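Hi,

Here's the structure I said I'd pass along. Have a look at it first, and then read on for what turned up.

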Amino acid sequence: QVQLVESGGGLVQAGGSLRLSCAASGRTSSIFSMGWFRQAPGKEREFVAAIRWSGDNTYYPDSVKGRYTISKNNAKNMVWLQMNSLKPENTAVYYCAADVSLSVATRLRLSDEYDYWGQGTQVTVSS
């Protein structure tokens with residue numbers, strides 16, 4: 001089992017920045033990748049970023065490339081999501097997730113590939 005706890009959400013003005021944190025505990029040695037997703041009311045869960053637990057490969061959808069950065073510290077079992085130039089449409093609950101099944105890189109954008117999820121943290125971007 002892997003437990004995930006997100007923090008760092010809040011209210012920010014458009015154009016501002018936020019840094020989300022995800023603390024992993026439990027069987028962290030079983031993690032292959034970590035991902036961030038977001039879900040706005042009435043919408044499907046959307047892939048935001050992913051990072052391999054071993055190595056530094058990162059993955060982003062085009063919608064956030066250049067604005068969001070995922071990073072990690074394996075020794076501290078922490079993952080972060082730095083979000084810059086935020087827009088009102090980025091308002092959502094942001095979730096971190098752990099993949100313990102060694103999903104191929106092309107599938108890391110799919111929420112079904114992740115085995116454990118945090119409770120989410122709300123990000124609200126005002127216009």
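A search of the whole structure turns up one disulfide. Keep in mind that this is a predicted model, so everything below is computed from its atoms.

Let's start with that bond. The partners are Cys22 and Cys96, with their sulfur atoms 2.0 Å apart. The bridge ties together distant parts of the chain: Cys22 belongs to strand S3 (residues 18–26) and Cys96 to strand S9, 74 residues apart. Which hand does it have? The torsion about the S-S bond is about 50°, so the disulfide of Cys22 and Cys96 is right-handed. Both cysteines, Cys22 and Cys96, are buried.

Arg67 sits in the loop between strand S6 (58–59) and S7. Arg67 is buried but has no salt bridge. How far away is the nearest side chain of opposite charge? That is Glu89, at 7.0 Å from Arg67, and a salt bridge would need a side-chain nitrogen within 4 Å of a carboxyl oxygen. What the Arg67 side chain does reach is the backbone oxygen of Ser85, at 2.9 Å. Leaving out residues up to four places away in sequence, Arg67 touches Gln82, Met83, Asn84, Ser85, Leu86, Lys87 and Asn90.

Is Ser85 buried, exposed or partly exposed? With a relative accessible area of 39%, Ser85 comes out as partly exposed, because that class covers values between 20% and 50%.

Asn77 is in the loop between S7 and strand S8 (78–83).

Finally, Ser71, which is part of strand S7 (residues 68–73). Its relative accessibility is 29%, so Ser71 counts as partly exposed. Which residues does Ser71 contact, once neighbours within four places in sequence are set aside? They are Ile51, Met78, Val79 and Trp80. For a C-alpha check, Ser71 and Ala49 are 9.7 Å apart in space and 22 residues apart in sequence.

Over to you!

Methods
Residues are numbered from 1 along each chain as its sequence is written. This is a predicted model: local features need pLDDT of at least 70, side-chain atom pairs count only at pLDDT 80 or more; totals for chains, interfaces and linings use all residues. Side-chain values use heavy atoms; hydrogens and water are left out. Helices (H or I, at least four residues) and strands (E, at least two) are DSSP runs, numbered from the N terminus. Buried means under 20% relative accessible area, exposed over 50%, partly exposed in between (1.4 Å probe, protein chains only). Contact means heavy atoms within 4.5 Å. Lys and Arg count as positive and Asp and Glu as negative; His and the chain ends are not counted. A polar contact is a pair of N or O atoms within 3.5 Å; within protein, one must be able to donate a hydrogen and the other to accept it, and residues adjacent in sequence count only if both atoms are side-chain atoms. A disulfide is a pair of cysteine sulfur atoms within 2.5 Å.
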